[in-house]
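Please keep the viewer open beside the text as you read.

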Amino acid sequence: MKHIIAEAFIRDEQSYITTILSQFPSSDPSFTVYNWSIGGQVYLDYYGVLEWKNARSELNVDAETVAARVQQCVSLARRIPQMQVKNSKEMLCQCEIAKGVVQVLHGLYKSKTAPAAEVDSIRHYMGLLKNHLDEDQPYFDDECDEDYW
């Protein structure tokens, strides 16, 4: 199943992936699917973060919501390096997910909307995930902010 999800991710078939992965028991798939938290759950959480980021400008976002999303990004950032990567397609997926999470964390950090208590955690995980990114890309500079956030 991993190769199917990786192929669909590369083809940007979000609805296909979420349809397949949401069919697993929602109460706690980690009891029925080996390494769920560093496999299927990473993809679902990543799409949740992206949906929030894309809808953020349309929402009246309070500090509690931002704090919850920061925690979701931090949780995701902890699990991305643990993903089992066995081929180049899975590595590409891991890199793209890391890139997306870094961009969201960076946007929160630069926009000063993240709770002060979370700033150190955000900086730590941006640095951790940077190891999974192409060093030539502008993930941390001000140019990226304007295009992204």
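## The chain as a whole

Please bear in mind that this is a predicted model. The chain holds seven helices and zero strands, so its elements read α-α-α-α-α-α-α from the N terminus on. Of its 149 residues, 38% count as buried.

Let us start with helix H4, which covers residues 63–79. Its 17 residues should span 24 Å at 1.5 Å a residue, and the end C-alpha atoms are 25 Å apart, which agrees.

Which residues of H4 are buried? They are Val66, Val70, Gln72, Cys73, Val74, Leu76, Ala77 and Arg79. The partners that these buried residues pack against are helix H3 (40–55), H5 and H6.

## H4 against H5

Two packed helices are described by the angle between their axes and the distance between the axes. For H4 and helix H5 (residues 88–111), the angle is about 145° and the axes lie 10 Å apart. Their crossing is left-handed.

On the H4 side, the contact uses Val66, Val70, Cys73, Leu76 and Ala77, and these meet Val101, Val104, Leu105 and Leu108 of H5. Sorted by class, this contact has nine nonpolar residues, with no polar and no charged ones.

## H3 against H4

H3 and H4 also pack at an angle of about 145°, with 10 Å between their axes, and the crossing is left-handed. From H3 come Gln41, Val42, Asp45, Tyr46, Gly48, Val49 and Trp52; from H4 come Thr65, Val66, Arg69, Gln72, Cys73, Leu76 and Arg79. By class, the contact of H3 with H4 has seven nonpolar, four polar and three charged residues.

## H3 against H5

At what angle do H3 and H5 pack? The angle is about 35°, and the axes are 11 Å apart. This crossing is left-handed. H3 contributes Val42, Tyr43, Tyr46, Val49, Trp52 and Lys53, while H5 contributes Cys93, Glu96, Ile97, Gly100, Val101, Val104 and Leu108. These residues divide into 10 nonpolar, one polar and two charged.

## The ends of H5

The 24 residues of H5 should span 34 Å at 1.5 Å a residue, and its end C-alpha atoms are 34 Å apart, which agrees.

Which residue caps the N-terminal end of H5? That is Asn87, with a side-chain oxygen 3.0 Å from the backbone nitrogen of Lys89. After H5 comes Lys112, whose phi is positive, near 65°.

Arg78 is found in helix H4. Arg78 and Leu129 are 51 residues apart in sequence, yet 8.7 Å apart in space from C-alpha to C-alpha.

Gly127 lies in helix H6 (residues 119–130). With 40% relative accessibility, Gly127 counts as partly exposed. Gly127 and Val102 are 25 residues apart in sequence, and their C-alpha atoms are 8.7 Å apart in space.

## Two loop residues with positive phi

Asp12 sits in the loop between helix H1 (2–10) and helix H2 (14–21). Its phi is near 60°, a positive value in a residue other than glycine. Is Asp12 buried or exposed? Asp12 is exposed, since its relative accessible area is 62%.

Asn35 is found in the loop between H2 and H3, and its phi is likewise positive, near 60°. At 25% relative accessibility, Asn35 counts as partly exposed.

Technical notes: Residues numbered from 1 in each chain as written. Predicted model: local features only at pLDDT ≥ 70, side-chain atom pairs only at ≥ 80, totals over all residues. Heavy atoms only, no water. Axes fitted to C-alpha atoms, helices over the stretch in contact; angles between N-to-C directions. Helix = DSSP H or I, 4+ residues; strand = E, 2+ residues; numbered from the N terminus. Left-handed = near helix turned anticlockwise from the far one by under 90°. Contact = heavy atoms within 4.5 Å. Nonpolar A, V, L, I, M, F, W, Y, C, P; charged D, E, K, R; others polar. Buried < 20%, exposed > 50% of the residue type's maximum accessible area, 1.4 Å probe, protein only. Expected span 1.5 Å × (residues − 1). Polar contact = N/O pair within 3.5 Å; in protein donor to acceptor, adjacent residues only side chain to side chain.
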